[in-house]
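This report goes through selected parts of a predicted model.

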Amino acid sequence: MLLAQVLLNGVLLGALYGLMALGMALVWGVLNIVNLAHGALIMLGGYVVYYCYTLLGIDPLLALPVAMASMFATGYLLQRFLLNLIVRGALLNTLLITFGLDVVITYLGQVVFTADFRTINPSYSGANFMLLGLTVPVLRLIAFGIALLLSSALWFLLNKSGLGRAIRATAQNLVAARLYGVDPRQVYAVTFGIGAALAGAAGGLYGMISHLTPYIGSSLTAKSFVIAILGGLANPFKVILGGIVVGVAESLAALYIGPTYTDVVSFLLLVVILVVRPAHALRAA
Amino acid sequence: MQRSVLVLVIMSVIMLAFLPWIASDVMLQFAINTLLLATLAQSWNILGGFAGYVSFGNSVFYGLGTYGTAIAMAQFGLPFWVGLMLGALLAVICALIVGLPILRLRGPYFAIATLGLSGVMGAIVSNMDIAGANIGLILPLTRADPMFYELSLGLLVVTTVCVAWLSMSRFGMALIAIREDEDAAGTMGVNTTRYKVAALVLASLFTSIAGGIHAYWITFVDPASAFDPTLNVRMVIMAVFGGSGTVFGPVIGSFLLSTIYELLAFWISTAAALLFGVVIVLAVLFMPKGIADLALAKEPGWRYFLRNVREHRL
Amino acid sequence: MSRKHSFACAIGTLLATAGLAHAQDVIKLGAAVQLTGSEANTGRYYRDAYRLTIDKINAAGGVNVGGKTYHLGLTLLDNQSDVNLGVRQYVQLITSDKVNFLLGPFASNHALNDSSIAEKYQVPMVQGGGASTQIYSRGYKYVFGTLPPADDYYASTLDMLAKADPKPRTVALVAADDSFDVSVAKGTRNHVKDAGMTLAVDQTYREGNADFSTILAEIKSKNVDAILWSGHETEALNFLRQMKGLNVNPTNYYGFTVGVPTEDFRKALGKDADFAFGMTSWLADASLKDRWFGDAIAFAKDYADKYQYAPDYHAASAVADVETFAMAFEQAGSLDPKAVRDAIAKVEFDSVYAHIKYGPNGQIVLPQIVIQIQDGKVVPVYTDRVLNKAYYPIPPWNRRP
Amino acid sequence: MSATAVPVLEGRRLTKRFQGLVSIDDVSFSLAENEVLGLIGPNGAGKTTLVNMISGTIRADHGSIFFKGQPIDHLRPFQRAHLGISRTFQVMKPFPGLSVLDNVVVGALFGTGGGETSIARARESAREWIEFTGLTHRIGQSAEALGGPDRKRLEFAKALALNPKLLLLDEVMAGLNLVEVDEVVGLVRKVRERGVSILIIEHVMKAIRHLSDRVMVLHHGEKIAEGEPSAVLSDPRVVAAYLGTRRT
């Protein structure tokens, strides 16, 4: 029973992890940018939802689209006017510039939002129900559902729409995409915007389930990083699955080895997969 | 290397060696910190700059160096230099064990795998009683900042001389070939694995000694500060800011960035972090190859900056 | 002289002139505190309490040292929540800003490192931000502290629980893995045993952890009577929210080392914060008399009026630090660091914070006051005697109003 | 054909599949001391795969490769280079950030027998090879800056700097004009005169006819013909293979 409960917790939380990584994987796969500011974007999204809820009284779940829209705009502008300028540089340079962005966003976050911690605490935040003897927290279940919903939406967008074709063409061959009349600057900016929008949704849910401070970004970046690798960069569902694998692995590690080892286990998992099956990881790139 | 550069470098080292006699205590503190950071950036440069393997795991070697020294001194009452050697030994062994599997990975995958290392090592050390577990270890207090300064300076000089030798040697040529194209290097007879591991071991050696000096100087070691992943980010930024894969780039980069950060922290205290971030963003935009490349550029400043943007934008 | 100190000196002067109105007959206190960065949230208590207390003492005419009257001055630097920067700033305070005595930063890891600078230069430091036992286990002579030892944080709580009806039999202990919380956990294990209870769950989690679902599932499966929790504020917040989400109900009690006394915590949790037990080394109470503020109530009012938020034990402890110096100056009758140091070791007085007297290792001994959130308010319930009635046992989540 | 001596290179029943598709199917061949073997076939016939197998960047699924009578299947690419096997790449792989000189120096430093130990001597020999391939006027430039024909020369110089016993040339003449092709043909002849055995992949039939002692033809991974150049090139199956799939 304990094991079943722990597994359930791991799966529900893992899907949210997956949602966090989704935007990072998209940007990485298409633009070849490992966005170290991804966690900072998640943080911003969380605060958008927080202020929608506390200042405007919008239900946090209904505020998620607001967060997604505003983060889309933020991401679009960032890529269009800053990151597009260095996108053909070395990988290390894109790492560094997004790290610099992370520092800047975090600092501005501290000025605007203050260092105080916040939570998004709607009336149903602690609700739960029993199912087959297991306690199911409603909010985490909702987050799980939204993660699946958004990954499906992303899958359809990438595979069934004109925009998706343009994105995939750009990811594969920049020159060819240009020949087909796609403006890569536009496609890159839109793609980064979508990545940021997904981060915004993840941030809102994270604020409801956990807490917000301007400093949560870097640890969420690290987690997204691991999951993006595990899940590969191509298929949104695999990213969610990667998140669930990490969530379950962490939960099991906490149960059987001890909660201090959760980070170690997820990173060991990563290293083992990288070393044992490099082809899996490399194919995704 | 040109003779005039060599003379200039030797002169500055000699002048730096006399700093403890003229500098204030604050300056000295700042200088020790900067020299140690420069050593870390320079060590990172061996594998990261020359062989193109971007490691985020060098802080593991730093941590092992600090713990080697701390365990030897705090737990066994051994002298400082024995501690340094113990730390270096631990780091080198770790580099050998970890290097073989991990150096098979390329590009971002190598970077990520190394990123995990410091977390793993931190967690392991937090559970070892001999290392003081989570509580950390306290080293004897020494009022000898000039000694720490000279040690740090000496270490930086040795590391830089080693890198300078590297840049002119067969070993360095192998690393550069690996950076430029690893497969081609292999078919041209470069034993890529051996050189990569050797580079990692060399980096781990210098990094761990820097850690050992820092441990004794600061007199306290705990897992969070010893295996701090942001330290590694700083190494990379400083090396790249100065110019990775060059002999003096990482040193100049560390000196400049440390000074900028320190001045910002003093003058406009609260906005220092913000400006630091902005400096990084601007540096990557306008001089992605670092100060070293800027210094060698033929065209006037603004044209150099614009050329870089033009080359890398979409 | 002017060359060798060039930039550090220029900066020092800048700060000194900004911080001090009059340059003569001033005793300069110095501190590097978290004004920005991840710990700024708590660092502000120290900044504001230091300033308020110094203003108060100066307004009352300053201190009399060997027949001469001095005002107190403060040089305050921002360590940006960076330990290494903080260490350098303390050296700067001593050597180029020429402060006479040192006040502390917030948090044990900062205090641990910064205090070694005080010892190195033999400048007395009184700090109210670090409670870790290690700070005082090094045999240092120049470091004093006003936070009580970590080992005993749960002593008064377990005292209360042992006398409570029904008495908890099985206990879950959950602690973060940083040095302070590991010390708390170590001490608590002994206290649990002495109270005749059994540890059914004993888990350590990684600092900064945000997901407690596995630990909570284990606690739930063991059906424990009480949860003793030790860690940091945001983690306490997550723990409590996830307790509700997973419907975890210990039979009698759950309590936290941090969070419960602070307003932010209660605001973030709303009604869910109710019934949670906690502890504090300080509450604004009229019984705490003070030479400069009158009593703790008056202090709390002054503080809240000036800074628009309520003080907590961090602030009160910072007040005691400044007052310790004021008392010690007068008793020593000199500003010689060694003489002041000896005076601090002997000083004994009442303050808004507590009755101050330093033990031989430099640390104060002070029982924690057990508190509980009742209808959104913090109510002290127990120290060595019952202060107010506690809601005990804590009702399960689904049977709350 | 010199069947008496041990062949420099011998492949026995080599097979390689990529994700189910057969790239090399049960191919055997041998190359005698100081011989030039031409390897032709339409695009996708598996020629480059065969060269990759010989130089060690990929491994055969079945079959073995022998160098001077010793199996080398277990050796990594650098070890094969130390034995004296050197190659050029069809998709040229100069070290882009290095000068022409340094590109060639790498070959001299790590080539046959482990390479030159002194940087100075390696530079000396690199200069000779650069002169040999006619690149001296470009010696200080970065490899990135070179145009097509000069890149081919650099590729050639790098391979030669290893001081090989066996040289694998993968389409070194593609994209060159007639004058340049003649130049390279001359170079290959000169290399051969130094006693090097050569396996050459080429689409320029004139060059193959002039250079090769024997020609081997691959089609869909299978060997469909082998023998005297003139005989093989007029073999109807070869012509069909080429006309059928080339120039699409």
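## A covered strand in chain D

Strand β8 of chain D, residues 197-201, is mostly covered, with five of its five residues buried. In a regular strand the side chains alternate between the two faces of the sheet. Both faces of β8(D) are covered. S197(D), L199(D) and I201(D) lie on one side, I198(D) and I200(D) lie on the other, and all of these residues are buried.

## Strands paired with β8(D)

Strand β3 of chain D, residues 36-40, runs parallel to β8(D) and is joined to it by four bridges. Within this part of the chain, G38(D) has I200(D) in β8(D) as its bridge partner.

Strand β7 of chain D, residues 166-170, is also parallel to β8(D), and five bridges join the two. Here L166(D) has S197(D) in β8(D) as its bridge partner.

## The interface of chains A and B

At this interface, 38 residues of chain B are in contact with 40 residues of chain A. The two chains bury about 3500 Å² between them, and 81% of that area is on carbon and sulfur atoms. On the chain B side, the residues that lose the most area to chain A are Y109(B), I112(B) and L314(B), which together account for 24% of what that side buries.

The count of salt bridges between chain B and chain A is zero. Five helices of chain B each supply at least two residues of the side that touches chain A: α5 (80-102), α6 (107-126), α12 (229-242), α14 (272-286) and α16 (301-312). The largest share, nine residues, comes from α6(B). By class, the side of chain B that touches chain A has 28 nonpolar, six polar and four charged residues.

## T160 in chain B

T160(B) lies in helix α7 of chain B, which spans residues 145-167. Is T160(B) buried or exposed? Its relative accessible area is 10%, so T160(B) counts as buried, the cut-off being under 20%.

Leaving aside residues up to four places away in sequence, T160(B) touches Q42(B), V247(B), F248(B) and V251(B).

How values were computed: Residues are numbered from 1 along each chain as its sequence is written. Chains are lettered from A and ligands numbered from 1 in the order in which they are written. This is a predicted model: local features need pLDDT of at least 70, side-chain atom pairs count only at pLDDT 80 or more; totals for chains, interfaces and linings use all residues. Side-chain values use heavy atoms; hydrogens and water are left out. Contact means heavy atoms within 4.5 Å. Buried area is the accessible area (1.4 Å probe) that two parts lose on being put together, summed over both. A salt bridge is a side-chain nitrogen of Lys or Arg within 4 Å of a carboxyl oxygen of Asp or Glu. Ala, Val, Leu, Ile, Met, Phe, Trp, Tyr, Cys and Pro count as nonpolar, Asp, Glu, Lys and Arg as charged, and the others, Gly among them, as polar. Buried means under 20% relative accessible area, exposed over 50%, partly exposed in between (1.4 Å probe, protein chains only). Two strands pair if DSSP finds at least two bridges between them.
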